[in-house]
Amino acid sequence: MSHEGLLQLICPAGSLPALKAAVDHGADGVYLGLKDNTNARNFSGLNFDEAALAEGIRYAHARGRQVLMALNTYPQPGQVERWQRAVDRAAELGVDAVILADAGLMAYAVKTHPALRLHLSVQGSATNYEAIEFYRERFGIRRAVLPRVLSLAQVENVVRNTSVEIELFGFGGLCVMVEGRCLLSSYACGDSPNTFGACSPGHAVRWQQTPQGMETRLNGVLIDRHADHEKAGYPTLCKGRFEVQGETYYALEEPTSLNTLELLPEMLEMGIAAIKIEGRQRSPAYVAQVTRVWRAAIDAVKHAPAQFKALPAWMAELNKLSEGSMHTLGAYYRPWK
Amino acid sequence: MKLSLGPLPYYWSREDTLAFYEAAASWPVDIVYLGETVCSRRHLLRLPDWLALADRLADAGKAVVLSTLPLIESESDLKLLRRITGNARFLVEANDYGAVRLLAKAGAAFVAGPTLNVYNPDTLALLRESGAVRWVPPLEMGRDMLAAMTVPAGMQTELFAYGRLPLAYSARCFTARHYNLQKDDCQFKCLDHPDGLGLRTREGEPFLTLNGIQIQSGRVHSLARHLHELAGVDVLRLSPQSRHMGRVVAVFRDLLAGDSDAAELTTRLERLMPGAACDGYWLGQAGMTHQGTGYR
């Protein structure tokens, strides 16, 4: 199989400086969103207004890189136009693709902007080729981002059975649930990734020092309590410690990051089109470091796949950047399940 | 207003499952959803068993719907899905767009399940064109958003009205994880937990329920206090629990009939629940909150 065009490195741009950092350090493409609930990283102080967007696209295109715009929350009645206008602006400004989750919005995009390239967002929850083919037949999607739930063998089966390009998450925060089908956040605090564009949003978070330790709460629900020697992480709901049958532990998932760097040869061999780095909420310095490591690794694997080794220096640098300084292969590695 | 018995979310022994549906045949529900909607490893009833149950319940006058998995990972999951969507006798509930594709291709009418993420009229219209005759709104859709939806002609609306809310799905099995087992060697621990495995906060507050690869709410969602707000809703879905389910159905039937004391019935219903009540989603708030008790 030709490796031409495979393993494109798609990096997060939560701001214009982050976009430039990604481009300068070797991203093939960046993904970004607007400053509202039309995308799944709706955090204050993050994302792009009109001027930053135009400058970001100019900067990336001048260097031959792509800009992908995430409009991957679900439009709600009475507000559908906000998402549709965002698709219009994306097309007018010349983004290279829009990343959508909602079928109704895809129908609008195809009808209004037939030349606009569509990617199916991970928030679209497509874990099998029948679902991906649904979106291809109806809307002509060109790429699908897979939820972080499949093993490598299952991913390969998807790739073999669809002509749609497949993009996988390579590094960063790890959703343990099927993206787009997780309502834990709205159950606890009313806002979900699907409707509000954020999980465990900042406005619902409280940190409180108590005699028992630092407590982190989400809308009053105790997510975790950290002793003085423990580092208190952000209270993402699924990464807290809870009690089940008298045992207190990370009942859903440890505060850990996904890192699939060592799987690059297999991903190349099975024809993965792109690797996505999570982290639009992270700093430009973080984006620069992660992009540099992944650029080097992808260049190495494409140059000589059989000789590829995940260098200890790369892994050490990525571990430093990982949540809780821990990483996992996630569902790609079957025993994780 | 019709009542439906939602798909069984838990893994029970074959005897318990068959006994549950034998009892359900005489409950005052109009529609019964059958089939596995959580984990493909659960096998005590296979498709022929579910089809036999479907025949039995159809004979008892129930409209039977075969439900499908929301998380389809493997080729064998797809094979089973194709057998269900191609069954040609019973209506199917699609819980993934893979199922929608297969049903639309076959020209079969179907129910658009709650995990299809229908948040706006455009997506709903698209599903209608694809053959959906009924839809279940996302669990987090409240009354105001629902009222703003335009429902196409020929489409019924079914609300998740009672039971622990199925909030999330994962590749990981949280029940196996609790027992330090891998999913592939889970020893079917779900069988020991007929209403799931309770998860509490470190303050002892019931919060969530582990049910294999599914996370449910700890509280029991109930629209019993809101039946007068359900204009435009055609079906109320009651989700199975291991005990008192027939009495839960009876309370809803009495509430809908409207000739008994609603407050007394609602209190009775709350005593039948395996956890405290909640209704926040319906009010556009955090799902775990409860208007009746002012919880949080």
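Reader: In which helix of chain B is the place of Leu255(B)?

Author: In this predicted model, Leu255(B) belongs to helix H8 of chain B, which covers residues 245-257.

Reader: Is Leu255(B) buried or exposed?

Author: The way to judge this is to count the C-beta atoms around a residue, with 20 or more within 10 Å needed for the word buried. Leu255(B) has 22 other C-beta atoms within 10 Å, and therefore counts as buried. When neighbours within four places in sequence are left aside, the residues in contact with Leu255(B) are Ala224(B), Leu227(B), Ala262(B) and Leu265(B).

Reader: What is the secondary structure of chain B, and what does its C-alpha trace span along the principal axes?

Author: Chain B has nine helices and twelve strands, and its C-alpha trace spans about 50 × 50 × 35 Å along the principal axes. Buried residues account for 52% of the 296 residues in chain B, and of the contacts with a separation of 6 or more, 63% are between residues 24 or more positions apart. As for confidence, the average pLDDT of chain B is 96, with 98% of the residues scoring at least 70.

Reader: Which strands pair with S10(B), and in what sense?

Author: Strand S7(B) pairs with S10(B) in the antiparallel sense over six bridges, and here Gly163(B) stands opposite His221(B). Strand S9 of chain B, residues 206-211, also pairs with S10(B) in the antiparallel sense, over four bridges, with Leu210(B) opposite Ile215(B). The hairpin of S9(B) and S10(B) has two residues between the strands, and Gly212(B) takes a positive phi near 65° there. Strand S12 of chain B, residues 277-278, runs parallel to S10(B) and is joined to it by two bridges; the bridge partner of Val220(B) in S12(B) is Ala277(B).

Reader: Which strand of chain A pairs with S7(B)?

Author: Strand S8(A) pairs with S7(B), residues 156-170 of chain B, in the antiparallel sense over two bridges. Within S7(B), Ser170(B) is the bridge partner of Met177(A).

Reader: How many residues does each chain bring to the contact between them?

Author: Chain A brings 55 residues and chain B brings 54 residues. Among the elements that each supply at least two residues to the side of chain A that touches chain B are helix H4 (103-112), helix H5 (129-139) and strand S8 (177-182). The residues on that side of chain A divide into 30 nonpolar, 16 polar and nine charged. The model scores ipTM 0.97 and pTM 0.96.

Reader: How is chain A divided into domains?

Author: Chain A is divided into domain 1 (8-177 + 256-336) and domain 2 (196-249). The centres of these domains, taken over C-alpha atoms, are separated by 28 Å, and twelve residues of domain 1 are in contact with six residues of domain 2. The residues on the side of domain 1 that touches domain 2 divide into four nonpolar, six polar and two charged. Chain A as a whole has ten helices and 16 strands, and 56% of its 337 residues count as buried.

Key:
Residues numbered from 1 in each chain as written. Chains lettered and ligands numbered in written order. Predicted model: local features only at pLDDT ≥ 70, side-chain atom pairs only at ≥ 80, totals over all residues. Contact = placed C-beta atoms within 7 Å. Nonpolar A, V, L, I, M, F, W, Y, C, P; charged D, E, K, R; others polar. Pairing = 2+ DSSP bridges. Buried ≥ 20, exposed ≤ 12 C-beta atoms within 10 Å, placed from the backbone. Domains from an automatic or database assignment. pLDDT = per-residue confidence, 0-100.
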